[in-house]
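Hi there,

Please have a look when you get a moment.

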Amino acid sequence: MKDVYLKTKGEIEKALDSSPQGLTTTEANSRFQKFGPNALEETKKQTTLQVFLSQFKDLMVIILIIAALISASMGDAESTIVILVVLILNAVLGTIQHIKAEKSLASLRSLSSPSAKVLRDGQLIEIPSTQVVPGDIMNIEAGDMVVADGRILDLYSLQVNESSLTGESTNVDKADVEFDHEVPLGDRLNMVYSGSLVTYGRATILVTGTGMETEIGKIASLMNATKEKRTPLQVTLDDFSSKLAIVIMIICAIIFGMQIVRGQPLMDALLFAVALAVAAIPEALSSIVTIVQAMGTQRMAKENAIIKNLAAVESLGSVSVICSDKTGTLTQNKMTVEDIYVGDETYTSKTLDLHNQLHRYLLYDAVLNNDSSLVDGKGIGDPTEYALLEMYRKVPGIQVDEDTISLTENQLRDALERMEEVPFDSDRKLMSTQYKIHGITTTFTKGAVDVLLDRCQSIRLDDGIHPMTPARKQKILDKNQEFSASGLRVLAFAYKEGDESLSKDTEYGFTFLGLISEMDPPRQESIDAVTQAKKAGIRTIMITGDHKVTATAIARRIGIFEDGDLAVTGLELDAMSEAELDQNIEKISVYARVSPENKIRIVEAWQKKGRIVSMTGDGVNDAPALKKADIGVAMGITGTEVSKDAASMILADDNFATIIKAVANGRTIYENIKNAILYLLSGNLSAIITVVYASIFALPVPFKAVQLLFINLVTDSLPALAIGMEPGAKDILDRKPRDPKAGFMDQPFIQKFSLQGALIAIGVIFAYQMGLQTNPNVACTMAFSTLTLARLFHGFNCRNEHSIFRLGFKRNWYSLYAFLLGVCFLSLILFVPSLHNLFSVTPLTMQQIVSIGGLAILPTIIIQLGKIIREQK
Ligand code: ATP
């Protein structure tokens, strides 16, 4: 069979039973059933059973099971059963946590999967890329990711980067050609392939292959997309856990040796030492981090910030510079045309005159040299462009049909056929199209005033065409300055006649027509968010393709630009040396007329100062800057697929304020993780201290193996997870950003968990000593109960740095539930006689129970008092 690229368009269309109108929805659905989703298959995920079994892979758990079985064979069947049940429950909990984390990660991934524009039932619609089927007619344009293989039907200056397939990094100019002989993949100019990026132009393609039937599907081995890379924090914690595990195992080995020397039966000593290891090694650290992060990112997704990888959550907490685009992010992107400058006069849309030929040409330029449309009054495409259509509709007389001039924009577009075009891009800041008007080939162009004015050699006024003199040019520039100073975005319009073919190289020699200014009001939320960011020690920088004066006016209104700040243009930035930039970077709050390359330099300059930088971007050329930034932020609505692919966070609402909310969430998540770890480490330490104490003073062991396992089950995961769910502190944005260089396990943190662990241990040891006055069994029961209860109380201390009186329970019911559940379990063990044997506890007197309660709550009272004193300061 011939390869697709060797066939003619007609042959492929016939083979795929498709037409230029695309498929019907019914046909597309039946093809979806037949071909399956358009996605690369992933390696098989672990089944629930496999996840469950993998919970037992831990060496300590295996030793424990063996020891328990041996001790059962020696007659202690009851405690063996309890050990096994507790271990199974532990594994069930671990499995649930694992599956929950996986699910949240998967839902995050699906939130950021690309979309495709296809024709269905003759209508252009946007669908998730997974639903594209062979035979679909798909539109692609600059910034899109090609999501399926296809034959090009129609194209305008299409350039594609196919490096993911061919390894070739330069862009390929595609063409509508036919081949009669085989050529390598990179030379098949009439095809586009899944996985490549559209870097310029646009095209209509006929989808020929999807999913594993694409070229990338054929060469790529099965994707391993489900594996999330470990985040820096997880790496640090895993490293810490394994070191800690070694220390704990050494301690346990010593205790084991001491018990043997003291004549304990071998199996009992082994069982105890291993149970202590299992209880004390914080094996849950890394998975707690994943779960807290994954749950946090779900909360963030609800608030419109879609996080693509968990590592971003960690960096978010220490972001101290946010470089934000202006249009649409800080402003509303709701453009309306204000003043119009044409024929040396200023008009509004309502005062333009259709019978004036100059005005008509300006309107032609605005409507024809424009890719947007208005459907039921709603704009589709670029807001800068559909504002021009809205303006056109307001011009008096536009709806009168008998006059050929006063056509609606659609009639005008239907009457005249576009011959050629060079699309807008943020590097050139121009857009040009060619039409035949009254038999004359006419090129219309529009773009940034400074760029276009330099390409105009004449100007058209009411009385005809005049040369562009320096005085005339100055007048236009003054007008531009006047519009810009009030925060308006200004577009210049020009045209030329002649048959010369249109390309980037021929966008010269124009006749100037006029200026149209557009208002794009700032978002109210941006103003508040910038103030909040300032309080949070975060610097906001505006980066825009717009004019410097416009940008500064808007930046001032939003609060980004203050007296003494600097605004520079991309050109001025290019002229700066590294040293100059280094010196001025802190003062510059507005960058105007920037090119995507400028953005990289800005990010690097801030990073050199040790700052964690977030950078927004939407265009195809923004990808490198987004990758370079610590947090690349793409726009969910207006952003290109390429920018979304490169970013680590996507704003579903394109709103600057969402970044600040995400930073607050990032800080909260980091704090919660730290607090959960504080809880785990201090609790585990208290158990170790108690055991070491008993060993040193040659006292009987303070806990039984089952009790340690019970403590591990009931007081570890649930309260730690509850701490992880704590909502953000109200003052989270009043603090300075976290120092990125400060490690997690810093001195204050180690001191804190050691001190809190020691406090709890003192209470437990007291209880133990009290019990010893009766007998070792009572001592054991008292030590176990005090430790369990004290750790449950301690859960409240670790929620936040504020006292519980300030926090209350309403903010985090989970912490109360985890506490109550733990207390219920403990009460069952202590007060249901049939369970006494199973957990090796003995009945206690009222006085002993009161002592347990008192000693368990004492550390919490001391810690809370400390907090209250600190709050008073
Ligand atoms: P940002 O979103 O980064 O703030 P921006 O949207 O303000 O950038 P661009 O879209 O790159 O910047 O636009 C830069 C300039 O190009 C604008 O000031 C305007 O003069 C001109 N321009 C914008 N859109 C068009 C368009 N569709 N056709 C022609 N010129 C345009």
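Helix 18 is followed by Gly 559, which has a positive phi, near 100°. Helices here are DSSP runs of H or I with at least four residues, strands are E runs of at least two, and both are numbered from the N terminus.

Before going further, please keep in mind that this is a predicted model, where local features need pLDDT of at least 70, side-chain atom pairs count only at pLDDT 80 or more, and totals for chains, interfaces and linings use all residues. Residues are numbered from 1 along each chain as its sequence is written, and side-chain values use heavy atoms, with hydrogens and water left out.

Back to helix 18, residues 548–558: eight of its 11 residues are buried (under 20% relative accessible area, 1.4 Å probe, protein chains only). Among them are Val 549, Ile 554 and Ile 558. The buried residues pack against helix 16 (470–485), helix 17 (524–535) and strands 19, 21 (539–543), 22 (566–569) and 23, where contact means heavy atoms within 4.5 Å.

Now the ligand. It is surrounded by 21 residues, and the closest are Lys 326, Thr 327, Glu 385, Arg 489 and Asp 546 (a residue is near if one of its heavy atoms lies within 4 Å). That shell holds six nonpolar, six polar and nine charged residues; Ala, Val, Leu, Ile, Met, Phe, Trp, Tyr, Cys and Pro count as nonpolar, Asp, Glu, Lys and Arg as charged, and the others, Gly among them, as polar.

What lies 2.9 Å from an oxygen atom of the ligand? A backbone N or O atom of Lys 326 does. An N or O atom in the side chain of Lys 446 is 3.1 Å from a ligand nitrogen, and a polar side-chain atom of Arg 593 is 3.2 Å from a ligand oxygen. The protein covers 92% of the 630 Å² of accessible area that the ligand has on its own (Shrake-Rupley method, 1.4 Å probe).

Arg 593 is worth a look of its own. You will find Arg 593 in the loop between strand 23 (588–592) and helix 21 (596–608). Arg 593 is buried, at 16% relative accessible area. Its side chain makes a polar contact with the side chain of Asp 450 at 2.9 Å (a pair of N or O atoms within 3.5 Å; within protein, one must be able to donate a hydrogen and the other to accept it, and residues adjacent in sequence count only if both atoms are side-chain atoms). The backbone oxygen of Gly 545 lies 2.7 Å from a polar atom of the Arg 593 side chain.

Best wishes

How values were computed:
Buried < 20%, exposed > 50% of the residue type's maximum accessible area, 1.4 Å probe, protein only.
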